[in-house]
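Please look over the chain and its fold before reading on, and keep both at hand while working through the points.

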Amino acid sequence: MRSDLIYFDNAATSFPRSRRALDEMRRFYNYCGNAGRSGHSLSMNSGEAVFECRRKLSDHYGCETERVVFVPSATIGLNTAIRSLVREGSTVLISDLEHNAVLRPLALMHSRAEIKLKTFKTDRFSDHKTLSSFKNELCGDVSLVVVTHASNLFGQVLPIELIAKEAKAAGASVIIDAAQSGGYLHLDVDDAGLDAVVLATHKGIGAPFGCSVLMFGKNASPRDTLIAGGTGSASLSSNMPEGLPDRFEAGTLDAPAIVGLSYAMDEVDYNVYDVFSLAEYLRDELRMMKGVELHGESALALPVIAFTKDGLDSESLAAMLNERGVCARGGYHCAPLAHRAIGTIEHGAVRVSLGKHNTLDECRRFIDILNAI
């Protein structure tokens, strides 16, 4: 790996990952069994480590411990949450910024006439206008609202607490896709009245791949499971257990990845003004750069920036940056709705996304490299 590498792809996955988390994962492999599957000491060691991580997450995000569910990815978490909370024949309302992990399962259900699907428009600079658009679409047959906390394409943060308040008053359940915001923005599941929140922990939290998190709110009544199988409990029943988290944790948990997440959670720090300041520096520099256009600028955003450069399609530009030691992402970022919302659906955009390990020197070098292309 190049020593002068500039890693600006933290919206896809954080880099470098927590050294302590990786070290503890390696150590854990030497004394772990299969959590919840046996009564011997190695299995119990795993069970205790899994519970400790579950407890940390419940304390941090304000939900009941047993309602923290471990899932292999945020996509599976979102599919599970949707399947467990949707009411067949009703309407599901989403924003115009949703990731394909939300759009595709709902579009599939819509194509099968299982649900109706509606979208509300977001405004880049006015939460009031976003909320007004949401309320205009929140008709009586909306039973479920699924909203991203922050856009994975350009970082815009949505007013999820206000959206949730209106949705709950209308009798709708609320799922929040916090894949992009986890580790950058805090939220409280139960205080905000959320029914489900999904984290992609390998992003802002800095955990390894293999373990994401689905949290159900205290008043949620999840029903259908996405996957059925062994849980280590209620083994004589042909049905999945009713109790959480077992109902939604079929199959063997990735206990080492959960241990990595546990230690990464110890390092979550919301004093991240440095990385937000670096993002503002980059935005200012990109605005002044000839031939470069920023897309999706908003009043409040994560350190995630989308831009294009005259005469170059986004994937070609990302490839040129890679040749010069810059890790960025071009294309459509699994977010066609967001590209339509900001007018980049024809050619996509290059996304640069910063993390807590990035520096001002890297930002300056990036600007010099982009200027030279």
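The briefing below goes through a pair of helices, a sheet and some individual residues.

This is a predicted model, in which local features need pLDDT of at least 70 and side-chain atom pairs count only at pLDDT 80 or more, while totals for chains, interfaces and linings use all residues. Residues are numbered from 1 along each chain as its sequence is written, and side-chain values use heavy atoms, with hydrogens and water left out.

- The axes of helix α2 (residues 41–61) and helix α7 (residues 255–265) come within 9 Å and cross at roughly 40°, where helices (H or I, at least four residues) and strands (E, at least two) are DSSP runs numbered from the N terminus, and axes are lines fitted to C-alpha atoms, for helices over the stretch in contact, with angles running from 0 to 180 degrees between N-to-C directions.
- That angle makes α2 oblique to α7, since angles under 35 degrees count as roughly parallel, over 145 as roughly antiparallel, 65 to 115 as roughly perpendicular and the rest as oblique.
- Residues of α2, including Ala49, Val50 and Leu57, meet residues of α7, including Ile258, Val259 and Met265, contact meaning heavy atoms within 4.5 Å.

**The sheet**

- An open sheet with mixed pairing is formed by 7 strands in the order β2-β8-β7-β6-β5-β3-β4, and two strands pair if DSSP finds at least two bridges between them.
- The edge strands, each pairing on one side only, are β2 (68–71) and β4 (116–120), and the twist from one strand to the next averages 20°.
- Within this sheet, strand β6 (residues 173–177) pairs with strand β7 (residues 196–199) in the parallel sense over 3 bridges, and Ile175 stands opposite Ala196 in β7.
- Helix α5 (residues 127–137) lies across β3 (91–95), β4 and β5 (142–148), and runs at about 155° to β4.

**Backbone exceptions**

- Most residues other than glycine have a negative phi, and most peptide bonds are trans.
- The peptide bond from Phe15 to Pro16 is cis, with omega near -10°, and the bond from Leu244 to Pro245 is also cis, with omega near 5°.
- Ala234, in the loop between β8 and α7, has a positive phi near 50°, and Ala234 counts as partly exposed because its relative accessibility is 44% (buried means under 20% relative accessible area, exposed over 50%, partly exposed in between, with a 1.4 Å probe and protein chains only).
- His333 has a positive phi near 55°, and His333 is buried, with a relative accessible area of 1%.
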